[in-house]
Number of protein chains: 2
Amino acid sequence: MALIVQKYGGTSVGTAERIEAVAEKVKRIHDLGNRVVVVVSAMSGETNRLLTLAEQINPNASKRELDVLVSTGEQVTIALLAIALERLGCKARSYTGAQVAIRTDSAHGKARIQEIERERIEGDLGAGQVVIVAGFQGIDEQGSITTLGRGGSDTTAVALAAALQADECQIFTDVDGVYTTDPRIEPRARRLSRITFEEMLEMASQGSKVLQIRSVEFAGKYNVPLRVLSSFEEGEGTLITFEEEGMEQAKISAIAFNKDEAKLTIRGVPDQPGIAYSILGPIADANIEIDMIVQNIGSDETNDFTFTVHRSDYKRALELLGETAKILGAREVRGDENIVKISLVGVGMRSHAGVASTMFEALAQERINIQMISTSEIKISVVVAEKYLELGVRALHAAFQLERAEA
Amino acid sequence: MALIVQKYGGTSVGTAERIEAVAEKVKRIHDLGNRVVVVVSAMSGETNRLLTLAEQINPNASKRELDVLVSTGEQVTIALLAIALERLGCKARSYTGAQVAIRTDSAHGKARIQEIERERIEGDLGAGQVVIVAGFQGIDEQGSITTLGRGGSDTTAVALAAALQADECQIFTDVDGVYTTDPRIEPRARRLSRITFEEMLEMASQGSKVLQIRSVEFAGKYNVPLRVLSSFEEGEGTLITFEEEGMEQAKISAIAFNKDEAKLTIRGVPDQPGIAYSILGPIADANIEIDMIVQNIGSDETNDFTFTVHRSDYKRALELLGETAKILGAREVRGDENIVKISLVGVGMRSHAGVASTMFEALAQERINIQMISTSEIKISVVVAEKYLELGVRALHAAFQLERAEA
């Protein structure tokens, strides 16, 4: 008899009919003899409806009161799901974040969970009840309602799974798992049955937005096996878990890409200590996040410096870099918005040589010029011209045989 | 510096604009140096919207889960009102029933308040905050959300006023006070500046549905001065208070009437002990409420028995009475749906003789036949044909000079 925490997002509980469908899913797993805790989000559209009402009245509402307001969204869903389960003859009890109690700090709108009381939930589970908990919300030391920020229901589910030492935390969403790459780019992309936390984190930060990255980190930290499944289709989904010793690993698990970046280059910068800070300091001061950074010594003992920023920050970053170039007496500033970053992700990379050379060879065969390269323990990223996105991803997908079923 | 509890109902907070108008009213009284606690209902229509959702999923939902569901309605309003007050530069904090905490028994859907914690509210008031509390809801010993039943926000306001020993509890509604009679029947009806709790209770039970009767009882029990005011117009409203010694009282304060009753008569019943129970027992067993009861000894040593019931119960009561008549060998059963009960209400009646004779004289002058008479300490009620409603009320209003301003 396993203890399972399930989480259903706003789309999955968006109508009375969908809530009834979720109730049936929950009942089925409960009837198999499992103890089940269900975390739900607000019905899709509800949070925005409430925020619009608040906005009409006061565009500068305090975060404390906005939390009182939006937390009603999940409270409606927990009650409706309990009511739906009762209809199916399945005993269920709903709880708000305050009731269970999910204790957080007082950072309204982006609170962090500090502690969860287990007694009440364990008592109900012991009595054969399905326990339904409002996602996204908690209570602070003063008894004020807090929210964890958008997408926080995933975090609630993982935190509950950790506190209850659940056997699995299942996140139901509108995709049926994590794929080797985006199937809209490469139709031969294949759903992965397993992926490691590290790989998932690299995937998520690369733009494969299946799960909130914070909940993946949380699950990794507390060793909670996490499974991504579809609310609307049957299937095993993808299990996100720790790397197991002795497990035969594919070199590469997946290919991520990011079309939202732009590249900036400053050339002919004097080779002096502190020069990186002189260049990147003003960018950081303007709250522009920098992703990849590459530095080369040029032929004349000066430096070339290239980095990427989010495309929406490109113009501003280019201006700032122009000013810096004048101060430093740099030779030239260049920029390019039409790039894409393609990344190979895989823990198997650690123990297998030749990943980079296979990657470069596959791209060379398609005559795709590599503009930047960056590597980490389990990832290699390259920047290429945006027009090569599909060609590059497909070439790499084939070169690493990702369409093949896992061993 | 007074402590004032104000309550605004669903219509008063039905839109964002109306919530802003309430915020302005609250700010004004707060700016005068008063400490203010505001109790609000759900925005009009919201409770029904939520119940319809639940009904769609499960017509037999448990009361516990329905309470979790509908209590979100008031929670939305408290947050929006706090947000509106912040906009006006008025410090405010909102609380759910659970947060304050309004402790109730566990009778979900019709819970009764047992205790209210004062510390938190008093702390906020001391810090110059307006305190906003969700009406209609509380929390039971197990930490489950409860509701007090429809209209329960009035009770929340009165209970808070009692717990905090407030100087006044102000109930804002869509009428501007209590009138000498319904102005739709008698255009010369006048707003009363004061009325006693006893009179108000007699008025309310007679169909002048300004306030929930339970909240009036509660206010009387805990000696909370209660004021009825309009949300939409300026004015002093009507203060409901205890009878003050030595206060010059009008004989009669107001005229109430009830068009929702029907009359039943059983004639020629043997004059035996237990006969009243034989007649009314089967009616009560069918959960039909009986209002007035009159019994006369007839000419032939048999009894005539007349009573009134709600008009919706008339047919069923007539059937039951027919069966009883057969068993008892009664002479005749009669019924009449086209009646109206008109009542004079006034604590001044106690010390002034001649109220009844003035009443009967006024009705006689208009040739209105009295079918039943019933009296209590501060009330005289008569039943007359329904067609005499307007004529009777106006004749009595004039006879007791109710259009004149109070002394």
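**Ground rules.** I count residues from 1 along each chain as its sequence is written, with chains lettered from A and ligands numbered from 1 in the order in which they are written. Since the model is predicted, local features need pLDDT of at least 70 and side-chain atom pairs count only at pLDDT 80 or more, while totals for chains, interfaces and linings use all residues.

**How the chains are related.**

**Where they touch.** I found 28 residues of chain B in contact with 28 residues of chain A (contact: C-beta atoms, placed from the backbone, within 7 Å). Helices H1 (16–31), H2 (46–57) and H3 (63–87) of chain B each supply at least two residues of the side that touches chain A. H3(B) gives the most, 14 residues. Helices here are DSSP runs of H or I with at least four residues, strands are runs of E with at least two, and both are numbered from the N terminus.

I sorted that side of chain B by class and got 16 nonpolar, eight polar and four charged residues. Nonpolar covers Ala, Val, Leu, Ile, Met, Phe, Trp, Tyr, Cys and Pro; charged covers Asp, Glu, Lys and Arg; the others, Gly among them, are polar. Also, 100% of the interface residues of chain B are interface residues in chain A too, so the copies meet through the same surface.

**A sheet in chain A.** Next I traced an open sheet of four strands, in the order S13-S18-S20-S19, with antiparallel pairing (strands pair if DSSP finds at least two bridges between them). Its edge strands are S13 (254–258) and S19 (372–376) of chain A, each pairing on one side only. Five bridges join S19(A) to S20 (379–385) of chain A. I noted that Ser374(A) has Ser381(A) in S20(A) as its bridge partner.

**One residue.** Is Thr241(A) buried or exposed? I count it as buried, because it has 20 C-beta neighbours inside 10 Å (20 or more is buried, 12 or fewer exposed, in between partly exposed). Thr241(A) sits in strand S12 (238–241) of chain A. Beyond neighbours within four places in sequence, Thr241(A) is in contact with Arg194(A), Thr196(A) and Pro225(A).

Notes:
Two residues are in contact if their C-beta atoms, placed from the backbone, lie within 7 Å.
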